[in-house]
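Subject: Structure handover

Hello,

Here is the structure we talked about, with the sequence alongside. My notes on what turned up in it follow below.

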Amino acid sequence: MLETAIVVKVNEGLHARPATQFAKLAKEFSCSLQVFRGTTCADAKSAVKLMLLGVKQDDQILLRADGSDESDAVRRLLQFLSEPTAGVALARHDGNGGSGEQAGVTELIKAAGLAEAAQTQQQEQKQSLVAEGAAASEPSVRGVAASEGLAYGEAFVYLPEALRAARQFIEPDEVEGELARFGVAFREAIAALDTQFETMGQHGDIVEALTDVAQSDEFSGAVKDRITSGWDAAAATLQVGEELAAAFLAMDDEYVRSRADDIRGIARQVTLRLLGRDDVSLASLTQPCIVLASDLSALDFARACVANIKGLVCIKGSATSHLAIMARAHGIPAVLGLPVPEERLREATAVALDGAQGHVWFDPSSGLRADFAERIAQDRSRRAALSVYRDVAPVTRDGRHIEIAANLGSLTEIDAALEAGAMGVGLFRTELLFMDRRSLPDEDEQYGVYSQLAQAFYPRPVVIRTLDVGGDKPVPGIVFPQEDNPFLGWRGVRMCLDRPDVFKPQLRALLRAAVVGNVRVMLPMIDDLDEIRRVKTLLAICAQELSQEGVTYAQPKLGIMVETPAAALTADLLAPEVDFFSIGTNDLTQYVMAVDRVNPNLAALYRTDHPAVLRAIGMVCEAAKKANISVAVCGEAAARPEMIPVLIGLGVNELSMSPSSVLRAKKIVSEL
Ligand code: PEP
Ligand code: MG
């Protein structure tokens, strides 16, 4: 028998992928192999047991081998554990505001010499309230206005039901049959998983990891044991799924914890087949309808047949949550944070919603539906009339040129942005590239995406934001600590500077894509001059490495998001250090007002038009003007008709928004 202690150097420890690779390697040897962490021990040939052991990078463990090939096994496994990138190669390259303080807003517009515009805007607002009159007579529920537009139609209730087995136990002579039924259901579920991820373009990596867990003794082995001991196949599958998910949830590693959902998902899919039932799925929407849900993740949305979502109503979510941003990007009217119980959604057969005002009508009368049909037709012709602005570069009547750019999260939105006449990309949220998957994209993949984006818009500028995760945006593949205040925590550039292994591939990809000629790089969550300088140093190191490797690159313009009070208050100190500012009003409002941007209960307090936020924006514009750099707004306020004159009056010279708002913004600016 051999025993060796070792300090684990594998990046982030033995979480899902490295544990799977380590177990695979261990299985090549006939000797018994065990890993000890403190007093707990796991079979080195079981990926699931290894994951549940929770071995982290820099943990000391003990490897015990017993058998004829023990020394070979120990040598190979020690080598694996001492390599930071072990197990990685295969995969881990592996609104409500406005009403109360109108005086403050009007003052600022007046101060900027745009009083006339203020009047026009106020009139437009009144008209939209009058137009609402017909619907006002019918009772509605009010939530957060998350994506404007009107919609009505049949309800599609997306509330996956809890599954229950019809019986708990079986007779001894049924065991064989139940085992066979489980085998068939299991194989079908894995095959379906395979197809599902294939259509998402994330095939091998994800399916392999999930299949490993599903096929482990801890899942399929445990279900079979339970059936053999007299359990019904569906009851056994659900029970084992819950127990295993609970074991994963108890781990302190975020990435491992998130595997609990995968286990539940697999157990659910197998059980549905055993019960002969279909699951509700947004991928199978066959006709246009209004989706009603308690919550929707970015992944649910990515899998959905978006063309058939006419409107979206959710109990959770807020105006600046990612769900709202995705709904706006696709031009889907949405009301989130709706204060109703799930039963209310379940009972609805038809729904009407006004995404600009945040109203939802359950089972609307025929009168209201007719009213909506008329207003939607008017809206459509208003939008059609806007198409004359597609090629317009808007100029205010006092001669100011304002760039109207698009906020994008993926390459699939390029066509919509070009179609809407976006004059460039003011914000490309790279985190969506990191989120819609289970492992980090490598440098080459990122380079491919950034350069395609730049080419699609050339010569118009494309602002690519470096990874902004943390807060409400965790990313699989990066282990985030448990934080009491994640929005005040390890997010954006703070995380990136601590993780050059994550940041450098992105910076290298950006330097390479800058060769196209129109790429600008933007840093999120900047607090301090020192952070900008540290990024510059890292960029210089990346550039030097690329030139030593003979890889072509170019220096992009470098700018920052101004979204913390610290950055706004010291904008005069930061401006000389960068090429441009872009004000992130979503976060700036949250931090200036001390109001959580995703808390629907605080929606009334979350006000970008509050004088405090407007003063901060004014300071940033003044600093930008003095330093002769451009200043954009890329938060959601940039698209709000009543905010556009205010922002321009304060000195903003670019507005960036979801493609569906671009034409209207061009019209508003042209008429100022
Ligand atoms: C913002 O904070 O305004 C912004 C544009 O960034 P995000 O919404 O992605 O945090
Ligand atoms: Mg932000």
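What percentage of the 672 residues of the protein chain count as buried? The figure is 54%. Please keep in mind throughout that this is a predicted model. The protein chain holds 28 helices and 20 strands. Its accessible surface is about 27,900 Å², and carbon and sulfur atoms account for 51% of that.

The barrel

A barrel is closed by 8 strands with parallel pairing, in the order β13-β14-β15-β16-β17-β18-β19-β20. On average, neighbouring strands of this sheet are turned by 25° against each other, direction ignored. Helix α26 (residues 611–627) packs on the sheet, where it touches β17 (557–562), β18 (580–583) and β19 (630–633). The direction of α26 makes about 170° with that of β18.

The pairings can be followed strand by strand from β18. Strands β18 and β19 run parallel and are joined by 4 bridges; Phe581 has Val631 in β19 as its bridge partner. Next, β19 and β20 are joined by 2 bridges, again parallel, and Ala632 stands opposite Glu654 in β20. Strand β20 (residues 654–657) also pairs with strand β13 (residues 403–408), in the parallel sense and over 4 bridges. In that pairing, Met657 of β20 is the bridge partner of Ala406.

Leu655 and the nonpolar cores

The largest nonpolar core has 95 residues, and those touching the most other members are Tyr450, Phe581, Ile617 and Leu655. Helix α26 gives the most to this core, with 8 residues. There is also a second, separate core of 58 residues; Leu14, Leu63, Val175 and Ile266 are among them.

Leu655 is worth a look on screen. This residue lies in strand β20. Is Leu655 buried or exposed? Its relative accessible area is 0%, so Leu655 counts as buried. Not counting residues up to four places away in sequence, Leu655 touches Ile402, Glu403, Ile404, Ala405, Val633, Ala638, Ile644, Leu647, Ile648 and Val669. Leu655 and Ile583 are 72 residues apart in sequence, while their C-alpha atoms are 9.6 Å apart in space.

The magnesium ion

Which residues coordinate the magnesium ion (ligand 2)? They are Glu563, through OE, and Asp587, through OD, at 2.1 to 2.2 Å. The pair links distant parts of the chain, 24 residues apart: Glu563 sits in the loop between β17 and α23 (565–569), and Asp587 in helix α25 (residues 585–593). Glu563 has a relative accessible area of 2%, so this residue is buried. Asp587 is buried as well, with a relative accessible area of 3%.

Why is strand β11 (residues 350–354) described as largely enclosed by the rest of the structure? Because 5 of its 5 residues are buried. Both faces of β11 are covered. On one side the buried residues are Ala350, Ala352 and Asp354, and on the other they are Val351 and Leu353.

Strand β11 has antiparallel pairings with two strands that can be taken in turn. Strand β7 (residues 150–158) is joined to β11 by 5 bridges, with Gly153 standing opposite Val351. Strand β12 (residues 359–362) is joined to β11 by 4 bridges, and there Val360 is the bridge partner of Leu353. The hairpin of β11 and β12 has 4 residues between the strands, and in it Gly358 takes a positive phi near 80°.

Arg268

Arg268 lies in helix α12 (residues 259–275). Why does Arg268 count as buried? Because its relative accessibility is 19%, and the cut-off for buried is under 20%. Leaving aside its neighbours within four places in sequence, Arg268 is in contact with Pro160, Glu161, Ala162, Leu163 and Asp279.

Regards

Conventions: Residues are numbered from 1 along each chain as its sequence is written. Chains are lettered from A and ligands numbered from 1 in the order in which they are written. This is a predicted model: local features need pLDDT of at least 70, side-chain atom pairs count only at pLDDT 80 or more; totals for chains, interfaces and linings use all residues. Side-chain values use heavy atoms; hydrogens and water are left out. Two strands pair if DSSP finds at least two bridges between them. Axes are lines fitted to C-alpha atoms, for helices over the stretch in contact, and angles run from 0 to 180 degrees between N-to-C directions. Contact means heavy atoms within 4.5 Å. Buried means under 20% relative accessible area, exposed over 50%, partly exposed in between (1.4 Å probe, protein chains only). Accessible areas come from the Shrake-Rupley method with a 1.4 Å probe; for residues, only the protein chains shown count as cover. Donors are N, O and S atoms within 2.8 Å of the metal (3.2 Å for Na, K and Ca); water is not among the atoms, so sites may look incomplete. A nonpolar core is a set of buried Ala, Val, Leu, Ile, Met, Phe, Trp, Tyr and Cys residues joined through side-chain atoms within 4.5 Å.
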